[in-house]
Amino acid sequence: MNEIISKARYLIINGDIEIDILKQLKIEKQLKLITFGFNSKSTITISSINDEKIIVCLQRDIEKNNGEILEYQEKQIIRKQKEKNIYNNLVVFIIKELHNL
């Protein structure tokens, strides 16, 4: 796990579950931590949700892969019918935003 994280620039974590592994890891380089979920302290929180879309709130600025800043704002995610897992939708959204996809 340490080897994988040592090559990463971002660490994306579900803020709705308690993860003790962070305390066990020996991270030697600076990582950008992005948390997501319903938790009000997460970097990206869910403002509202229905069958067709999710409205997310970016609580803090995030530096993208290319150095641009993704500023505090609300954004809409269109939900695909086949993907019912909200957390999967959020992870895909975060990765797309970080890489301008």
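Predicted model: local features only at pLDDT ≥ 70, side-chain atom pairs only at ≥ 80, totals over all residues.
1. Helix H3 (residues 86-98) lies across E1, strand E2 (32-37), strand E3 (44-49), E4 and E7, and it runs at about 145 degrees to E2. For the bookkeeping: helices (H or I, at least four residues) and strands (E, at least two) are DSSP runs, numbered from the N terminus. Axes are lines fitted to C-alpha atoms, for helices over the stretch in contact, with angles from 0 to 180 degrees between N-to-C directions; contact means heavy atoms within 4.5 Å.

2. Residues are numbered from 1 along each chain as its sequence is written, and side-chain values use heavy atoms, with hydrogens and water left out.

3. The big picture for the protein chain is three helices and seven strands, running α-β-α-β-β-β-β-β-β-α from the N terminus. Of its 101 residues, 33% are buried (under 20% relative accessible area; exposed is over 50%, partly exposed in between, with a 1.4 Å probe and protein chains only). Among contacts between residues at least 6 apart in sequence, 37% join residues at least 24 apart. Carbon and sulfur atoms hold 50% of the accessible surface, which comes to about 6900 Å² (Shrake-Rupley, 1.4 Å probe; for residues, only the protein chains shown count as cover).

4. Five strands make an open sheet with mixed pairing, in the order E1-E2-E3-E4-E7 (two strands pair if DSSP finds at least two bridges between them). At the edges sit strand E1 (10-14) and strand E7 (73-78), each pairing on one side only. On average, neighbouring strands in this sheet are turned by 25 degrees against each other, direction ignored.

5. Have a look at the E4-E7 side too. Strand E4 (residues 53-58) runs antiparallel to E7, and six bridges join the two. Lysine 53 stands opposite isoleucine 78 in E7.

6. The aromatics deserve a point of their own. There are two aromatic pairs, counting rings of Phe, Tyr and Trp (its six-membered ring) with centres within 6.5 Å; planes under 30 degrees apart are stacked, over 60 edge-to-face, the rest tilted. Phenylalanine 36 and tyrosine 87 have ring centres 6.2 Å apart and planes at 55 degrees, so that pair is tilted. It links distant parts of the chain, with phenylalanine 36 in strand E2 and tyrosine 87 in helix H3, 51 residues apart. Phenylalanine 36 is buried, at 4% relative accessible area, whereas tyrosine 87 is partly exposed at 26%.

7. Tyrosine 87 also pairs with phenylalanine 38, this time edge-to-face: 6.4 Å between centres and 90 degrees between planes. Phenylalanine 38 lies in the loop between E2 and E3 while tyrosine 87 is in helix H3, so the pair ties together parts 49 residues apart in sequence. Phenylalanine 38 is partly exposed, with a relative accessible area of 43%. Put together, ring pairs link Phe36, Phe38 and Tyr87 into a cluster.

8. Last one, a loop residue. Glutamine 30, in the loop between helix H2 (21-24) and E2, is exposed at 75% relative accessibility. Its C-alpha is separated by 9.6 Å from that of alanine 8, 22 residues apart along the chain.
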